[in-house]
Amino acid sequence: MAGLIKREDIDEVRNRTDLREVVESYVTLKSAGIGSFKGLCPFHDERSPSFHIRPQLGTFHCFGCGESGDVIAFIQKMDHSSFTETVELLAARINYELHYEDGGPGPRREDYGKRQRLVDAHKVAEEFFRAQLETQEGAAAREFLTGRGFDEQAVAHFSVGYAPKGWDGLLKHLRSRGFVDEELKLTGMFSEGNRGIYDRFRGRVMWPIRDLSGATIGFGARKLYEDDQGPKYLNTPETQLYKKSQVLYGLDLAKKQISKGRQIVVVEGYTDVMACHLAGITTAVATCGTAFGTDHIKISRRLLQDDGTGGEVIFTFDGDAAGQKAALRAFEEDQRFIAQTYVCVEPTGADPCDLRLHRGDEAVRELIENKRPLFEFAIRAELKKFNLDTVEGRVQALRQTAPIVAAIRDSAIRPAYARELAGWLGMNNEDVNRSVAASIKRAKLPRNAAAAQPPAHAQDHAPGAQAAPAFERPDSRDPVMRLERQALEVVIQQPQRLTDEQWQAFYEARFMAPAHAAVHDGIVAASTAGASAASWVEVIREEVPEQLRSFVSELAVTIIPALDEHNLNRYCSDIINGLIELQITHRKAELIGKLQRAEVDPDGNEYFQINKELMELEMRRRILRGT
């Protein structure tokens, strides 16, 4: 076995290798001054680029995580290879002949670095599959590809091949090229039985899966024959080279355009990637048998230069339930991106490959051009779960969708979505804005910090008591929250002062704060149960969730600002009338939203009834105000 690589050769390889070219195989770089470049660090997840390189000095450093070194250290960390393997890899890259301390020519082929041997085996296998596609047996694969709209040039561009039906075609070929079984077992291209190893892929169309540097590290295979009992798609299993959570099919072809255009399009299959690229969407990639996850996002962000200065991530999914579910999974990962995220869902269920096949390249481009913000998709998908024609349904929908709007990072876009949500719900803009603001506040608090807490004096009377975190304490600085609280104080403390009309309005009132809504429900339950004056507050306390009982007590003892009976009557009336007017405002917004959600015939009865109710509500509001 060869000895150590000579020091002067190591220095020569280091000096001759372009650090910038190597790093840009993994990270998008932009100028950071004369002779300096920066990008998102590949060694830790970050939002602002702190990874810097100076090609003239051949060194890199990350001010975030502290990783640093030369081009050899960079490759070692990225590929998890040994020092010797890395130097040999870089030497081969620049076609430089290494010399060793023992005077030998270098490692024998069978002693070559394990990782490189695996890469070499995959390269030979790819060539084998490509050759098999041109054989008589490969006709079935050629027909399949032609039937999907791919001509010879397209097939060659993506290096698609064919795995023959036999059990040892690839095995024999690789053995003849000097690979031994112990090596081949590590490639993932073979299965093992009682008689040894045999080809894993048989009678299938083969797509090579490559890493960022363009090296083939695995395969995706689709079955062709009815007697194949295996899955429709079969991928390379996890190996030293192939980690499906870190691989995106087509990324080697798309990476330059992704960096240049600050866009990445995520599709669902190999043929979809091909169709997109052939249609001019050259930023398309696909996951390999797994969901788009955290590691995929890290890779994408580095290529996008995802630092908040632009860029977009576009997901395409089928229009069926599975596709919508996948889109919502993507939405859950959206917060890891700074770039704007979008979704394209084809209503007919056609994927990009089918779209191109039946409607041409322009249809694929239109699909991507008609992208919808992922936030809008997620909000609308959530709204579909509720009956928006009922007050309860709209309130529940708001509670579910306000956190989605609150999660929008761009503070300039967030208010626009809040207004859109108000229109879709038929609610007042202020109500939606308050719910969004509450969600933002809740998201910033540590876990359990948003729980409604009793006041200090209540805690003093209940030492050791612990409230289960469930309700956020309403912010009394908010005018509507304050009005809701004052109305609850009046009804709990002075129920006898409400007229029948006011009681009816209170029963029908919608409270925006969840804690207030729960107390309102408790009051209605206590009133329906016919609670006596003596037990009024206690019955309400029993009707609300346990963690809100101290809050009911607080409402019951809060001082009402009135010095005499006259002022007390006036105060109570004004507060309840204010609550009624708030409900009128809510109802008007709902009716206007109903007109926005559906195309109502201006000459039809529904249009007439809605406008009639709007006028009645306005008249009632004027009466309350005495105008």
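Select helix α20 (residues 456-460) and then strand β6 (residues 161-163): confidence in the chain is lowest in α20, at a mean of 37, and highest in β6, at 98. The score is pLDDT, the predictor's confidence in each residue, from 0 to 100. Helices (H or I, at least four residues) and strands (E, at least two) are DSSP runs, numbered from the N terminus.

This is a predicted model, in which local features need pLDDT of at least 70 and side-chain atom pairs count only at pLDDT 80 or more, while totals for chains, interfaces and linings use all residues. Residues are numbered from 1 along each chain as its sequence is written, and side-chain values use heavy atoms, with hydrogens and water left out.

**The whole chain**

Colour the chain by confidence: pLDDT averages 84, and 85% of the residues score at least 70. Next, select residues 446-469, over which pLDDT stays under 50. For this stretch the model has 21 contacts beyond four places in sequence, a contact being heavy atoms within 4.5 Å. Where pLDDT is low, the predicted coordinates should not be read in detail.

With secondary structure displayed, the chain shows 27 helices and 17 strands. Of its 627 residues, 48% count as buried; buried means under 20% relative accessible area, exposed over 50%, and partly exposed in between (1.4 Å probe, protein chains only). The accessible surface comes to about 30700 Å², with 49% of it belonging to carbon and sulfur atoms; such areas come from the Shrake-Rupley method with a 1.4 Å probe, and for residues only the protein chains shown count as cover. Among contacts in the chain with a separation of 6 or more, 66% are between residues 24 or more positions apart.

**Helices α16 and α17**

Select residues 374-383 (α16) and 391-406 (α17), which pack at an angle of about 170° with their axes 9 Å apart. Axes are lines fitted to C-alpha atoms, for helices over the stretch in contact, and angles run from 0 to 180 degrees between N-to-C directions. The angle makes α16 roughly antiparallel to α17; angles under 35 degrees count as roughly parallel, over 145 as roughly antiparallel, 65 to 115 as roughly perpendicular and the rest as oblique. From α16, F375, A378, I379, E382 and L383 meet A397, Q400, T401, I404 and V405 of α17.

Then centre on F386, in the loop between α16 and α17. Leaving out residues up to four places away in sequence, F386 touches G393, Q396, A397 and Q400. F386 and Q396 are 10 residues apart in sequence, and their C-alpha atoms are 7.4 Å apart.

**Helices α11 and α14**

Move to residues 270-278 (α11) and 352-359 (α14), whose axes come within 7 Å and cross at roughly 50°. Show T271, D272, A275, C276 and L278 of α11 together with P352, C353 and R356 of α14, the residues that make the contact.

**Individual residues**

Select R434 in helix α19 (residues 429-444). R434 counts as buried because its relative accessibility is 14%. Beyond its neighbours within four places in sequence, R434 is in contact with D478, V480 and M481.

Finish with two loop residues. N95 is in the loop between α4 (83-93) and α5 (114-133) and counts as exposed, at 73% relative accessibility. Its phi is near 60°, a positive value in a residue other than glycine. R262, in the loop between α10 (251-261) and β13 (263-267), has a positive phi near 55°.
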